[in-house]
Amino acid sequence: MSATGKAVMCLRLHPAGGGPLGAKEYAGVLALLGGITPAVQALPPDAALADVRGALRYFGCDARRLAAVIRVRALALYGVDAAVGVAGNPMLARAAARETGPGGTLVLPEDPAAARDFMADKPVTALDGVGPKAARTLCSYGLDSVGRVAAAPPAALRRILGARLGREVHERALGIDRTPVRPGAAARAVAAERLFDRDELDPVRHRRALLSLTQELGAKLRTQEDGQVCRVLSLTVRCADRTTLTRTRTLAEPTAHSAALTATAYALYEGLGLQRARVRALSLRAEELIPAERAVRQLSFDPEDEKARRLEAVTDRVRTRFGPHVIALGTLAA
């Protein structure tokens, strides 16, 4: 990738010691990128985009060398390693970053034909704008790979997906992505992870771990200095074969109530449809945090719900004074 060409860099961040990426480390890496280029877009929970065209000209180096400098600084300053993808647009940069592991850098050539070849054998879900519903529709017509979508007549795609989406999907299948890098800070977030002693098959133990995670996240949110609630909850499942599954849901109302977080986490887990999956770790991330005083909560006439919230307030005070493990749910203590 030349210093004069269009260059977008995507970083997928991995703590060197394992576990979920902390909010402090994530913010630090974003600030590091901001010192190199002003065009940095946060992609929570653990990725970022950067338009580095100006940086390549300023530093007089190629993209691979710049990526190496960023990786070394991120590792030295924040203990975070990165998988880096570099390409001519955000979609291709993200795809390149997914193809390499921590400590690796994949630079796609500027040649459009090379970009098409790189994307050809990937599933249609690798294209921005193709969600599960659109993917099912395309697959029902035999268009189950990016290469087949690229070879399809544009008029047929417009009939299948509609005029606007059909045009955009065809362009992206050809490696064309017109979306810019949109600078913006990452929303505040808190995360927690449970790593199993061995690859775990038992769904009961998976749900027990999720219950433990939601109790921890809820307590963290409620006991922060200004009291926080989250709008979004994200579940990540790491399997024994190193695949990672992530599901995210926007909550009906911002909350830090552990019972509400637990119900959402269970729904995300069930939505994955895991069948005898050997799970290595589960992590939850509460995103889009706002002060609790700014949140609007639907009043409930359920006395049990109000009782649970009062009990949470009491247990939070006890844990703050005597330690986080002094009180536990009977389900988790058993």
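## A residue in strand 9

Glu 288 has its place in strand 9, where a strand is a DSSP run of E with at least two residues, a helix is a run of H or I with at least four residues, and both are numbered from the N terminus. The phi angle of Glu 288 is near 55 degrees, a positive value in a residue other than glycine. Most residues other than glycine have a negative phi. With a relative accessible area of 37%, Glu 288 is partly exposed; buried means under 20% relative accessible area, exposed means over 50%, and partly exposed lies in between, for a 1.4 Å probe and protein chains only.

This is a predicted model, in which local features need pLDDT of at least 70 and side-chain atom pairs count only at pLDDT 80 or more, while totals for chains, interfaces and linings use all residues. Residues are numbered from 1 along each chain as its sequence is written, and side-chain values use heavy atoms, with hydrogens and water left out.

## The protein as a whole

The protein has 13 helices and 9 strands, and of its 334 residues, 44% count as buried. Among the contacts in the protein with a separation of 6 or more, 67% come from residues 24 or more positions apart, where contact means heavy atoms within 4.5 Å.

How many of the residues of strand 4 are buried? In strand 4 (residues 80–87), 8 of the 8 residues are buried, so this strand is largely enclosed by the rest of the structure. Val 80, Ala 82, Val 84 and Val 86 point one way from the strand, whereas Asp 81, Ala 83, Gly 85 and Ala 87 point the other way, and all are buried.

Strand 4 pairs with strand 1 (residues 8–15) in the antiparallel sense over 8 bridges; Leu 13 has Ala 82 in strand 4 as its bridge partner, and Arg 12 stands opposite Ala 83. Strand 4 also runs parallel to strand 5 (residues 105–107), to which 3 bridges join it, and there the bridge partner of Val 86 is Val 107. Strand 1 pairs in the antiparallel sense with strand 3 (residues 47–51) as well, over 5 bridges, and the partner of Val 8 in strand 3 is Asp 51.

## Rings, charges and cysteines

A pair of aromatic rings is described by the distance of the centres and the angle of the planes. The structure holds 1 aromatic pair. The rings of Tyr 58 and Phe 59 have centres 5.1 Å apart and planes at 90 degrees, so the pair is edge-to-face; rings of Phe, Tyr and Trp (its six-membered ring) pair if their centres lie within 6.5 Å, and planes under 30 degrees apart count as stacked, over 60 as edge-to-face and the rest as tilted. Tyr 58 is exposed at 70% relative accessibility, whereas Phe 59 is partly exposed at 42%.

Lys 122 lies over the face of Phe 118, at 4.0 Å from the ring centre, and Arg 207 lies over the face of Tyr 266, at 3.9 Å from the ring centre. A charge sits over a ring if NZ of Lys or CZ of Arg is within 6 Å of the ring centre and within 35 degrees of the ring normal. For disulfides, meaning pairs of cysteine sulfur atoms within 2.5 Å, a search of the whole structure finds 0. Cys 10 is buried, with a relative accessible area of 2%, whereas Cys 139 is partly exposed, with a relative accessible area of 40%.

Terms used. Pairing = 2+ DSSP bridges.
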